[in-house]
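Welcome! Please open the structure in your viewer and keep the selection tool at hand.

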Amino acid sequence: MTFAEFIVELAESFKAGRRRYLLASITTMFGVFLLTLLTGAGYSITRGINVTYGYAEKNLLRISPGLTSLPCGVYDKGRTVTLNDNDVRCLENAFPEQIREVVPVTAKKFRVNIDGRSFPSVAYGVRPGYMDAMFLVLCGGRDISRHDIDTESRTCLISKSAAECYFDAVHPEKAISGYVNIGGTRFQIVGIFKALRKSHNTDFVIVPGSTASSVWGMEDNYKTIILNLNGLHTESENAEFKDRIRGLIAREHSFDSRDESALSISDNFDAYRQMKSILGGLRASIILFCILILVSEIFGVSNILFISVRERTYEIVLRRLMGASDANIFALVVCEAVLIMTFSALAGMLLADGVLYAANVVVAPTRAEDYYIWGDFNMDFPVVVIIFLATVASGIIAGFAPARKAVELKITQIR
């Protein structure tokens, strides 16, 4: 049997059972519609929670230096502890499995001048990752990049409120590519940021850490070191890791590891663990419902194909007598199931995408700027591809048993 003949037979099969196949397509389309809608709504809630609660899925630990309150060896109390590049290297080398990212932060007060108008501010010298760690989001432009760090570029990010005040209140993004003078040094604005909560202070500018070091000599006095952690799952593991961090830095700077005023270590582990549990349960529920929907679609399409095969017994046996092989008959039935599922999946996803778009239009104006439970109602492209491929695979599964039944039909079964 040639490919053209196979297509003709497939078309004839759909024509003969068009009502039944139309019903199967509608039910499958509705199932894919619900699956896509559920997934889109679930991802919307996940985005909303991350925006509202500030990337709560990240386990962040902040290290800040202070004054010693206990004597240690020949050293008396009252010494100032300063964090430097050596501490950053020690942390990176000592805990490669637990630390995903180290973000040292320097800070210095300056007068910032924009077109002849100046105001007091703080310049933070940072590495990539600072925005996420401090719960800041971009309103326009870009973040500090690794290239900025490597080249010590004189670029900076300013707050949205500063851009509105000193550039354009209606279109603050016009500040991008403009220039500011920070402590006598000219920097080009490459991005605008805002805090996730209006109550958070944003009266500062962000510059590359390497630039802050070379221009202002700030490399040996970090205000804080932020660690993005990985692989800590329990309270005991987290507490033990904090003790190891304190012990390491205590040895480097010769202070008592029990001296909590010499080194302040804070984290968001409790919030991280709770949010991970909530979002993990939400994702697991979505996956479970999606599996149940796909299973119901498989049973529905398979049942209709069983009925179709039984009613087409004479036709299928006749095809075998005319030379059709078992493989041809098997492929014919499976292709029917796959085509039903494929076109139904496309129709269901398009319908769901339209509903999600309409929901986004309705809900978007009701969101507060810094607090909302619903994120954008849209589907990530990889998720759409996974849903489509899962539906096609379900079609193959749905058609397998009816196809075997068709292959097993004998001429003696014709009545």
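Here is a short tour of this predicted model, stop by stop.

**Stop 1: the main core.** Select Ile63, Leu91, Ile99, Ile225, Leu227, Phe241 and Ile245. In the largest nonpolar core, which has 24 residues, these touch the most other members. Now colour the elements β1 (59–65), α3 (85–94), β2 (99–114), β9 (224–229), α8 (235–253) and β10 (263–267): each of them supplies at least two residues of this core. Which element gives the most to this core? That is α8, with five residues.

**Stop 2: Ile99.** Zoom in on Ile99 and show what surrounds it. Leaving out residues up to four places away in sequence, Ile99 touches Leu91, Leu227, Asn228, Leu229 and Phe241.

**Stop 3: Thr155.** Next, go to strand β5 (residues 155–159), where Thr155 is found. Is Thr155 buried or exposed? Thr155 counts as buried, because its relative accessibility is 9% and the cut-off for buried is under 20%. Beyond its neighbours within four places in sequence, its contacts include Arg142, Asp148, Phe187 and Pro208. Ile144 is also in contact with Thr155; the C-alpha atoms of these two, 11 residues apart along the chain, are separated by 8.0 Å.

Stop 4: Phe299 sits in helix α9 (residues 269–311) and is exposed, at 61% relative accessible area.

Technical notes. Residues are numbered from 1 along each chain as its sequence is written. This is a predicted model: local features need pLDDT of at least 70, side-chain atom pairs count only at pLDDT 80 or more; totals for chains, interfaces and linings use all residues. Side-chain values use heavy atoms; hydrogens and water are left out. Helices (H or I, at least four residues) and strands (E, at least two) are DSSP runs, numbered from the N terminus. Buried means under 20% relative accessible area, exposed over 50%, partly exposed in between (1.4 Å probe, protein chains only). Contact means heavy atoms within 4.5 Å. A nonpolar core is a set of buried Ala, Val, Leu, Ile, Met, Phe, Trp, Tyr and Cys residues joined through side-chain atoms within 4.5 Å.
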